[in-house]
Amino acid sequence: MSISSSLPSSPFSPIRWRDDRLELLDQTRLPEMETWLACTDPEEVAAAIRCLAVRGAPAIGVAAAYGLVLGVRTVEEPGAALAARFSEVSELLGGTRPTAVNLRWALDRGREVFERHAGASPAQVTRVLLAWADALHAEDVRVNQKIGEHGAALFAPGVRVLTHCNAGTLATAGYGTAVGVIQSAWETGKVAMVWVDETRPLLQGARLTAWEMQRLGIPFKLVTDSSVGALMKRGLVDRVVVGADRIAANGDAANKIGTYTVAVLAHRHGVPFYVAAPLSTIDRATPHGDAIPIEERNPDEVTDVFGRRIAPAGIEAFNMAFDVTPHDLIAAIITEAGVLEAPYEQSIAAAFGEEKKG
Ligand code: MRU
């Protein structure tokens, strides 16, 4: 069966549907090589998510949406067989990364679409799911552009901004969240330069954010993670903006390990610390940060660098992929619905169109 996507090839996206398959810009190879990984079944998509070939909460959600398409398209029988395969694939993809709630969010939306068409033929369901995955992709870019606009309005001209990990184009379907805010503020002449920290252990800052900044032509300097305190003490950082993998109902925000350290330092030095994320990253079913599951990854990522052992043989390492920044360290959460401020329970409820009594 040949199915074509209606997605435009620009703006730049690390995720594309081409020739009946999902193509992902392989982020494990950047910046040395710009190679695309072709996925023809959901097992390959799950493997790409696990090894971080595709990464960043919104990008994982969009990749998983296409994974559902790849899962149902080989089913021959409608009805129970199709439903069983859908559930199997959804579970496989949903189990790849526990902290990024956009993954579960996308899979739940996919299930709603699937259930509305459960009686249709596999070919018809595949077409409907592909159109939905394309719409999700396009929606993510639009949402990020809105986040960028709202975030830029918070910046005064000439600011020096620090960001952690990569919450840019590569971490989304396009444009990025935290990097989208920086880009939007840069385009309106407000950003003097950006501090990009390396983000150990997998160096998403050094490899990916630096690659993006260079492409965007935004002046930046790469620093080690441990430089952040000294930079702030010297008065060289005016704003921090980071992304998030999951935001609890009270505003506590999980993001790449090291974010909490940056937030504590920002608080100590009076630097406003912002989180930029779509509403799909807000998990209202999780009341506070302690209830957010934190992914623990292979200790080899800490003991080894690019496949070369740097720690002594036989030692143990502990590799938490994320940490949680408590809401009282967050100056504002920048979403497509606007800039949310404390008390977050109320502002989050309002962003979802509800009123919450204080
Ligand atoms: O482990 P990663 O690289 O997927 O972690 C990514 C982050 O922590 C990002 O900051 C977060 O997902 C937001 S992406 C817009």
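In strand 3, C39 is the bridge partner of L22. Strand 2 (residues 21-25) and strand 3 are paired in the antiparallel sense over 4 bridges; two strands are taken to pair if DSSP finds at least two bridges between them. Helices (H or I, at least four residues) and strands (E, at least two) are DSSP runs, numbered from the N terminus. The model is predicted, with pLDDT of at least 70 required for local features and 80 or more for side-chain atom pairs, while totals for chains, interfaces and linings use all residues. Residues are numbered from 1 along each chain as its sequence is written, and side-chain values use heavy atoms, with hydrogens and water left out.

These strands belong to an open sheet of 3 strands with the order 1-2-3 and antiparallel pairing. Strand 1 (15-18) and strand 3 (36-39) each have a single partner strand and stand at the edges, so one side of each lacks a neighbour in the sheet. Helix 2 (residues 57-72) lies across strand 1, strand 2 and strand 3, at about 20 degrees to strand 1. Contact means heavy atoms within 4.5 Å; axes are lines fitted to C-alpha atoms, for helices over the stretch in contact, and angles run from 0 to 180 degrees between N-to-C directions.

Another open sheet is formed by 7 strands in the order 6-5-4-7-10-15-16, with mixed pairing. Its neighbouring strands are turned by 25 degrees against each other on average, direction ignored. Strand 7 (residues 239-242) and strand 10 (residues 273-276) run parallel and are joined by 3 bridges; F273 in strand 10 is the bridge partner of V240. Helix 7 (residues 204-216) lies across strand 4 (159-163), strand 5 (191-197) and strand 6, running at about 160 degrees to strand 5.
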